[in-house]
Structure formats: C-alpha cells, structure tokens
Amino acid sequence: MNLEELRNDCARKQKKGLHIILASVIIWILVLCVHLTSLPMLTKNLITFCCTAPLLPISFFISRLLKIDFQNKENPLTTLGVLFSVNQILYLFIAMWIYPTVPEKMLMVIAIIFGAHLMPYSWLYKSKSYFALSIIIPVAALAVGLNFEPYILAIVMIGFEILFSILLLCEMKRLKE
C-alpha cells in the first residue's frame, strides 16, 4: 500500500477516531460533575486528572459497540497515531505545574492541550474537522477559561465534543461514498 492508501485505511477502519471522541464526551461530563461540586479547587483538579484515566478503556468499549478496529495492527500508520496521543501526555506536565500554581486555570490548560493535540490527526485521517477543531478548541478554551468558571468550560467542551462527533460521522458518510 502507498501512503494515501494507508491513510485511507486508518480513516476507514478506525472511523477517524470517533470512538476516542465519543469517550471524551463521557470524560468531559465526568469533569463537569466534579466542577459542579463544592469541593476545594485543588481537590477538584486532582479528581479531574483521575477522570481522564479511563479514556482508553471507555474508547475500547465504544470501539467494540461501533465495530471499530481499535488497534488496526496491519497498518504501520497506527503507530504514528499512537505517537500523536502519547505526545499529549508530555504536555500534561504543564497542567501538573498549573495544578498548585494557578489551580483555577488548570482545566483551561487541559482543554487547550486536548484541542491542540488534535492537529496531527487532521493529516492522518484527512479530516477538516480535526484541523478546524484543533484551532477552535484551544482558542475557545482560552477565552472561556479566562472569563468564566471551570464548570462553564466543561460545558463548552462537552458541546465541542458532541459537535466533533457529528462532524466525524458526516465525514465517515462521505468516505463511504
């Protein structure tokens, strides 16, 4: 297979990462629940970190429900996709620094990191949605995070993730045509 065929194979078999985006809707709902509590901000932030941990198990379960090839081991570009995700983990060190330093802005930083990490997937999956949202989400997260309470940002992120899921479904329909 040539490079374009490998990219198309990733997009089709992994449904452009739809399972991960759907799982992130659940994660952001959990984060919203945490930030609606009256817990101290440092506690909310610690629990927020914990809420992100089940992303892969949830996305694996969703991939089974939607018949998505979670690993796509035959395609060497799958390893590249994993590398794109692992890269995000390194940026979480910034969020860890923010955690005790400017705790009320930690969720904003996590949202910015999440949004920005989407850009390489725009190339892998040939996706305009990934590209657009990789720019829109960090800018919106910065604006909302600077001006509103973290729970408002969580609501905005849930909205983005739902919109993103719909856009990916539309892209998948066009991919089949």
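Colleague: What share of the 177 residues in the protein chain is buried?
Modeller: Buried residues make up 44% of them, where buried means under 20% relative accessible area, exposed over 50% and partly exposed in between, with a 1.4 Å probe and protein chains only. This is a predicted model, so local features need pLDDT of at least 70, side-chain atom pairs count only at pLDDT 80 or more, and totals for chains, interfaces and linings use all residues. Residues are numbered from 1 along each chain as its sequence is written, and side-chain values use heavy atoms, with hydrogens and water left out.

Colleague: Why is the pair of Y121 and Y125 called stacked?
Modeller: Rings of Phe, Tyr and Trp (its six-membered ring) pair if their centres lie within 6.5 Å; planes under 30 degrees apart count as stacked, over 60 as edge-to-face and the rest as tilted. By this rule there are seven aromatic pairs. The ring centres of Y121 and Y125 are 5.9 Å apart and their planes are at 20°, so this pair is stacked.

Colleague: What makes Y121 and Y125 count as buried?
Modeller: Y121 has 7% relative accessibility and Y125 has a relative accessible area of 6%, so both fall under the 20% limit.

Colleague: And why is the pair of Y130 and F164 edge-to-face?
Modeller: Their ring centres are 4.8 Å apart and the planes are at 80°, so the pair is edge-to-face. Y130 lies in helix α8 (residues 128–147) and F164 in helix α9 (residues 150–176), so the pair ties together parts that are 34 residues apart in sequence. Helices here are DSSP runs (H or I, at least four residues), numbered from the N terminus. Y130 is buried at 3%, and F164 is buried at 0% relative accessibility.

Colleague: Which residues do ring pairs link into a cluster?
Modeller: F84, Y121, Y125, Y130 and F164.

Colleague: How do you know that α3 and α6 are roughly parallel?
Modeller: Helix α3 (residues 41–52) and helix α6 (residues 106–116) pack at about 25°, with axes 10 Å apart. Axes are lines fitted to C-alpha atoms, for helices over the stretch in contact, and angles run from 0 to 180 degrees between N-to-C directions. Angles under 35 degrees count as roughly parallel, over 145 as roughly antiparallel, 65 to 115 as roughly perpendicular and the rest as oblique; α3 and α6 are therefore roughly parallel to each other. The contact (heavy atoms within 4.5 Å) is made by N45, T48 and F49 of α3 and M106, L107 and I110 of α6.

Note on methods. Helices (H or I, at least four residues) and strands (E, at least two) are DSSP runs, numbered from the N terminus.
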